[in-house]
Amino acid sequence: IDPKFILHGGHQTLQGVATTGLGKLVVSEPEYGSAQRAILMNSPSDVKYIRITDFGDDGIPPDHEFVTAEVIENRYLLQEHDVLFARSGATAGKTFIYTKDIGPAIFAGYCIRFRFDPKKISPWYAYFYTKTPRYAAWVRSMQRPAGQPNINKEEFKSFAIPIVTPTLQGTLVENLQAARNTRDAKLSEADRLLTGIDDLVLAELNLPKPTTDDRLSYAVRLDSIKTRLNAEYYHPERVLSVRVMEQATGKLEAARLDGIADFIRDIVKVPEDDPYLGLA
């Protein structure tokens, strides 16, 4: 009897497809992680300590800085394709699948480890299914808003996942991994383009690159302070950038922003059928 559970559809079951609770698809009882204190790593070869803050909805970010644990307990060592469920905090319900390329690692107490039986279900299939809207709705229905949202082990074990043939599971996983690789490649290309955007804009406008100035302190004549008493406004690097623009006045047409844009200062009520501002 929980309105939140009903509101988000936690009571709903899938029709026309066989489902099984996650707890029946594992080779061992799911378990909570280590309670050891996290400390800095002394060497890249140290055992990593995977916490809920280390991974997002799409795994661990590139160039992530790991920590290790004060005491490494072997019972918490991760094995290939172990799936971790975040059980507490604002991101309760998010998941992570471990692969050996990360290196030796244990997992922390705010995670629950599920070691799926590959004879019953593909771990990758189970992991990818936790990225679906249905799983997200289930998580919202199960979270208890106590001190912080949380979902316990028994509740995760009860989540019903559709069971399809191993062949179909493999096809779905293969397609999803291909799509993710394509997306990652496009994001990498976008990052590369954005990294060089400053040089690109300057080249297109035929402007020289401003000289950088990393001084932490600098002096400004009092009679040059005309309109603003703001240290950042008079930073040498900003002054040099403005000077470059002024020198290009004869080459480029320039205008004040308020001369080319209308500033809407009214308070606008957001339409219920269109929650995006600026589209009306």
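Predicted model: local features only at pLDDT ≥ 70, side-chain atom pairs only at ≥ 80, totals over all residues.

Trainee: How many helices and strands does the chain have?

Mentor: Both are DSSP runs numbered from the N terminus: helices are H or I with at least four residues, strands are E with at least two. Counted that way, the chain has 8 helices and 10 strands.

Trainee: What percentage of the residues count as buried?

Mentor: Buried means under 20% relative accessible area, exposed means over 50%, and partly exposed lies in between (1.4 Å probe, protein chains only). Among the 280 residues of the chain, the buried share is 31%.

Trainee: Is Ile 197 buried or partly exposed?

Mentor: Ile 197 sits in helix α6, which spans residues 197–204. Because its relative accessibility is 35%, Ile 197 counts as partly exposed.

Trainee: Which aromatic pair links the loop between β5 and β6 to strand β8?

Mentor: Rings of Phe, Tyr and Trp (its six-membered ring) pair if their centres lie within 6.5 Å; planes under 30 degrees apart are stacked, over 60 edge-to-face, and the rest tilted. The structure holds 15 such pairs. One of them is edge-to-face, at 5.8 Å centre to centre with 85° between the planes: Tyr 76 and Phe 107.

Trainee: What is the angle between the planes of Trp 138 and Phe 156?

Mentor: Trp 138 belongs to helix α3 (residues 133–142) and Phe 156 to helix α4 (residues 153–158). Trp 138 is buried because its relative accessibility is 9%, and Phe 156 is buried because its value is 0%. Their rings form a tilted pair at 6.0 Å centre to centre, and the angle between the planes is 50°.

Trainee: Which ring does Lys 94 lie over?

Mentor: A charge sits over a ring if NZ of Lys or CZ of Arg is within 6 Å of the ring centre and within 35 degrees of the ring normal. Lys 94 is 4.8 Å from the ring centre, over the face of Phe 55.

Note on methods:
Residues numbered from 1 in each chain as written. Heavy atoms only, no water.
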